[in-house]
Each structure stands twice: as C-alpha cells, then as structure tokens.
Amino acid sequence: MTGTWSEADRGLAGRSVSAASGLGQRQVAGDARVAGGRGVSRFVKLMVAFLVIIILLSATFAGVAVFLIGERVVAEAEHRVASDLNSAGEMYDASSDSLYDLIRLQADRLSLRDALLAGDVGAVAGELTATMTSEQLDFLTLTDASGVVLLRAANPGAVGDSQAGQAIVGSVLGAAVPGVATTVFTAEMLGRESPGLPAIAEIELVETRGARARDSAVETNGLVLLAAAPVADEEGDVIGALYGGLLINRRVEFVDRIKATLFEGAQYDGRDIGTSTIFLDDVRIATNVLNEDGTRAFGTRVSEEVYDWVVELGKRWVGRAYVVNDWYISAYDPLRDPDGNVVGILYVGTLEKPYTDLRLSTSLLFLGITLAAMLAAVAVSYVFSRRLSTPVAALVAASRRVAAGDLDAAVPVTSNDEIGELAGSFNTMAASLRDRDARLKEFARRKVMESERLAVVGQLAADVAHELNNPLQGIVTYSHLLLEKMEPDDARRSSVEKIANQAARCTTIIRGLLDFSRPQKPHKRPADLPTVIDECLALVEDRVLFHNIEVVRRYEADLPATVMDPAQMQQVFMNLIINAAEAMYGAGRLTVTAQLDPERRVLWAGFQDTGHGILEEDMGRIFDPFFTTKEVGHGTGLGLAISFGIVKEHGGTITVESEEAAGTTFTIELPVSTAEGEGQ
Ligand SMILES: Nc1ncnc2c1ncn2[C@@H]1O[C@H](COP(=O)(O)OP(=O)(O)OP(=O)(O)O)[C@@H](O)[C@H]1O
Ligand SMILES: [Mg+2]
C-alpha cells in the first residue's frame, strides 16, 4: 500500500475555499481582458478570408475571360474581314477577266482585220462605238501594228499618237498576247481617250484625320482597268491592237456589287455594316463609305499607317481603322499596275460597333454570372459560418458561465458532427465539475465539523491538563518523598513506586498536551540540518530499542545552513526516529537522508524505515491529535500532530509514503533561508 499525506490534504477544506476564490479572481480579471481586447471573431476572419479568395479568383477569372472573349471577337472579326477581302479581290479579278474577254473577242472580229488590211478603219468606226456603248466601256481604241492610234471610238478626232509605250499595248504588239491590268492614266491621257473623262476622274481631296501630307488638293489622275488584244491577219501576224478601258474613278457599281454580295445589305443601328472602297494611291475614288451627310466619301484618304504598309511595302493590312467617321475592322490589299508598282488599294471593312457591342454584352453577361456566383458563395459561406459560429458562441457563453462559477451551464447539442461532440463533452465536463464541486463541499463540511470538534477536544484537553498539572506535581513530589522515607524492604514500597511511575507518565502526557495546545514560540537561528539530525540520533542510539537497528546516514555534502529552531526541529526528528524504531519493533534499517533541491531552494530530511507500514485507512489520520495505534500506555498520539505544527511554523511541509509490511518514509521539506524570521 502506498499513500501520501501532506499538508495539502490536511488543509483541504480551508485551502480549497481559498483556491476557489483565487481562481474566481483570476477568471474575472481574464474576462475583463477578453471583453476589453477581444478581436474580430474567428468565424468572421474565416469568412473574410474565404470571400477574399473567392473575389480574387472570380476577378481574375472574369478578367481573363473578358480579355479572351475580346481577343476572340476581334480575331473572329479580323478573320472574317480578311476573307471578305479575298472575295472582293476575286470579284475584282472577275471584272478584269470579263473586260479582257470582251476586248479579245472584239479584236478577233473579221471586220476589224479586214478594215486594217484594207487601210480603212472608218468602216468599223460605227461598230466599235456601238460595242463601247453597249458594254459601257469608257473608251475603245484601235492602233496599227506599231501602236499608232488609228481610231478612237470615244474621241474620233484624236488619232496618230503612239500608244506603244503603254505597257499592255506594247506587250500585245510585241508578243501578240492579250492582257488586262490596272493602270494609272493622267488627265491628259484620259482626255485623249475620251474628252469627258478628266472631269469625271477629277476628285477634290478631303482633309482626313491621320492621312499623309500631300501637295495638291485635287486628284486628277484616273485609275483605269485596261485590256488590250492583238488583231492578226490570216497568217497570225499582228497587224494592230485593240484596247479598251473602264475608268474606276467614281464608278461605284463595282464596289457596291462587292458590298451587296458580301454583306447582303446587313445593317446595324440603321447603318450599313459593310463597306468597300477602291483607292487610287491613297485617295478614295470609288466607295460606298458615306460622309456624315450621306454622300459618298470620295476624296477622303487612307491613314498614313495603312498607306505605308500597303502602298509603300505592298502588303495586306488587317485591323482596326478609323474610316472617315467611324471605327471599322478593315482589310486592305494593294492593287498593282503591269510593272508591279502599287497604284491603288482594294478595301473591305465592317463596322466595329457590332463587335464591340457583342464583346461588351458577352463580357457583361459573363461578369453577371461571375457576380451571381460570387453572391451565391457569399450567401453559402454566411449560412455555413452562422451554422458553425452559433453553437460555438453558445459554447463560449456557457464556458464563461462555468468560469464564473455557474456549473449548471449547459449547451444544446444540435448536430452530430465535431461541434455536437464538443457540446456533448462540454456538458459532460460541466456535469462532472458539478459532481466534484458537490463532493468537495461535502468533504469541506465534514472537515470543518471535525476540526471544530478537535478544537473543542483540544481546548478541553488543554484545560484539563492545566488543571491536573499542579495536583499531579504534588503526587509526584510526595510519592518520591514517601519512597525516600520508606525502608527498602517495606511491603508498601512497590505500590508507592507504581504511584510514582504512573504519576510520571501522567506528567509526560500532560506536557505533550500542553505542547500541542500552546505551541512554544520558536527561537530561530542558522543551523546545519545534518548536525541537528545527528544530535537526535546520538541521544537515542544507546537505547536498547536501537541496539538491533542499523542507522544509515545519507547526507549530501556542503548543504547550506538554514534558519530554524533547532530544539523544536529536534523534537520533530526525535518523534520520527522513535516512531520508526517502534514500527520496526527494534530491528531493521533506518535510512536518514539530508539533501538540497537547488532549483526550489529547499532542504529535504528523509526518515525511511523497514517497519510494519501504515494501514491505508489510517493514512488520513496519523497527523490527527490523539491518533495512535500503539498500546495503551505507550503512545499519546500527539507526536505527529505536534511535529506537523512545528514544521508548518517553519514554512515547510511534512509528507509520508508507506507500504504495508515494507516500511514508511517521512519527508520534511524546509525552505532554505538565511535571515532570521524568514521562511515562516
Ligand atoms: N514510522 C512509522 N511506521 C508505522 N506507523 C507509524 C510510523 N510513525 C507513525 N506511525 C503511526 O502513526 C501513529 C501516530 O504517531 P504519533 O507519533 O503521532 O503518535 P504515537 O507515536 O502513537 O504516540 P506519541 O508519539 O505521542 O508517543 C502511530 O501510532 C503509528 O500508528
Ligand atoms: Mg510518536
């Protein structure tokens, strides 16, 4: 059986009260701190963190998505307009081809050959004029084999000049190969072919934002689609050339056809979506792009950026462009003359607005969805955190009530998750605290009653002892006087001796009672613990009781001296030593130790015996006054009670460990103090 008994147990009732009140104070202080400095709730923090992540993710997601949508829409628009430009180019080529076919067929006519061979071109003048008119050509001209003009259907008076220098005409005469090309005609050349053409070709330039600087304010040149074919005799030798042309300036049928074919009259906000233009150099000469007033924007010009790219470098340009008065997704291709020089531009563009609107509406739709998702996430996280925080808040409130001493606090268990488990554990904890509290109270009540009873008994004993002391001294004195006067062989002598012995025993008991009830004031001075113990051992070692007891000393070297009342401490040690010897029935080993706990600055004195030990049920009572297991006449039961009082008065503790039939160890702990009056 092992048990411990210490001052803490002995003073349980009193100390538990003071400990509880101490706890209460600390808790109040703690609450004040919590109430004053309490930060943002953990759940609010959790929710805010959650929301920040959601918002950041959504914003990034939305931003990337909007950007990609924009890119995609623009890319799609550019792709579309580029393919429109391809179609426009094919239509332009088809027009060239039909002009080419027309001129070639006309040149093959026998009447033309015969007229040339006969040297009488006047015979075909009417025929050529009719063809020119029916085919809506701007001019149709016949030359001889050297390129000298013999007949101009549109200007019969102007003959005799050489057109061999015209690239196409030159190659027709030289190689007998028909050809078609886009060419630039000066006003003079136009006028020669047909007097009315320069006036049609002339276009006033309009100041245009972003266009390159130009010297003149008017464009007098004409862009002409020109086809030429050889006229051959029966042997196949070239005897002349026929060429005809279309002035593209102001000729809008072509660009309108492109627009109608590609865009099929599609409109947006009351405006045509698609536009098409042919430029001469950088001037709009045939276009369906409109000015603010609704007129065609002849004379407006292409931006310098596009000009540099398309005319200077001869490359296709696709992208956003500001055209006359609005933004268009535009595509420009160079138009080349027979020598490969860029002389003009073919343009197709579609209003940007439908695409920006599409981009905007898609982005808005997307943002709306993201926002809705975000709001849903906020709502879900709010509901979730409420569900989490409500029971936790209830737990916090209940914990506060418990901390404040209300052990009836309980929380409802609303779920069977971790929170529910926590609430259940809390309730169990509160219940066990309640139970423990009740038991403590009962224990304290019993202890108080007991100590009250002991106090009464102690007082009574002290009074009785005091009253008995004087008569007892009389009995002792007179019984000794009687013995002195008696003869040694007096038959009454043994009776008187018994009186003297019993009276002496009564005196010891009475002194013990007086010691216990009125403890002496200690006279403290610095003393060496091993020395004090050794003095006690020296007093008892010669007694018969100790003859078969081996005393083992285990003293730590250089122990510090400490302030104590050596006489009182000796009383304590003597009692422990004699108790040990009696528990061993005078045979066994008593180990006495003295050592220092440097950390806590306390000295230990230990008395370990190999005696019969203490019964478990007696452990709680051995320090009680008058508790003894010794035979009547052998112990008063005051030894440990007095010792406890002395050690306590020295600011120390006394503890016991015992095992039945194996032995007992008493340990005394004394604080190391140097100043007198310290450690009390
Ligand atoms: N070393 C020990 N081994 C076993 N039991 C002990 C030991 N010391 C004390 N006790 C028990 O504690 C009881 C109380 O001891 P305490 O010293 O207070 O009184 P006592 O020795 O019986 O009488 P007194 O000391 O007044 O002569 C003892 O009767 C004994 O039962
Ligand atoms: Mg004793």
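The shell around ligand 1 is made up of 8 nonpolar, 11 polar and 2 charged residues. The model is predicted.

**Residues and elements around ligand 1**

- There are 21 residues around ligand 1, and those that come nearest are T628, T629, K630, T636 and L640.
- Three elements each supply at least two residues of this shell: helix α15 (566–583), helix α16 (639–649) and strand β22 (663–671).
- Among the contributors, α15 gives the most, with 4 residues.

- T629, one of the nearest residues, places a polar side-chain atom 2.4 Å from an oxygen atom of ligand 1.
- L640, also listed among the nearest, has a polar backbone atom 2.8 Å from an oxygen atom of the ligand.
- At G639, a backbone N or O atom lies 3.3 Å from an oxygen atom of ligand 1.
- On its own, ligand 1 would expose 590 Å², and the protein buries 92% of that area.

- Strand β13 covers residues 317–323, and strand β14 covers residues 326–336.
- The two strands pair in the antiparallel sense, over 7 bridges.
- Within this pairing, V318 stands opposite A331, which belongs to β14.
- Together β13 and β14 form a hairpin, with 2 residues between the strands.
- V324 lies in the turn of this hairpin and has a positive phi of about 60°.
- As a general point, side chains in a regular strand alternate between the two faces of the sheet.

Conventions. Residues numbered from 1 in each chain as written. Chains lettered and ligands numbered in written order. Predicted model: local features only at pLDDT ≥ 70, side-chain atom pairs only at ≥ 80, totals over all residues. Heavy atoms only, no water. Near = heavy atom within 4 Å. Polar contact = N/O pair within 3.5 Å; in protein donor to acceptor, adjacent residues only side chain to side chain. Areas by Shrake-Rupley, 256 points an atom, 1.4 Å probe, with all protein chains shown as cover. Nonpolar A, V, L, I, M, F, W, Y, C, P; charged D, E, K, R; others polar. Pairing = 2+ DSSP bridges.
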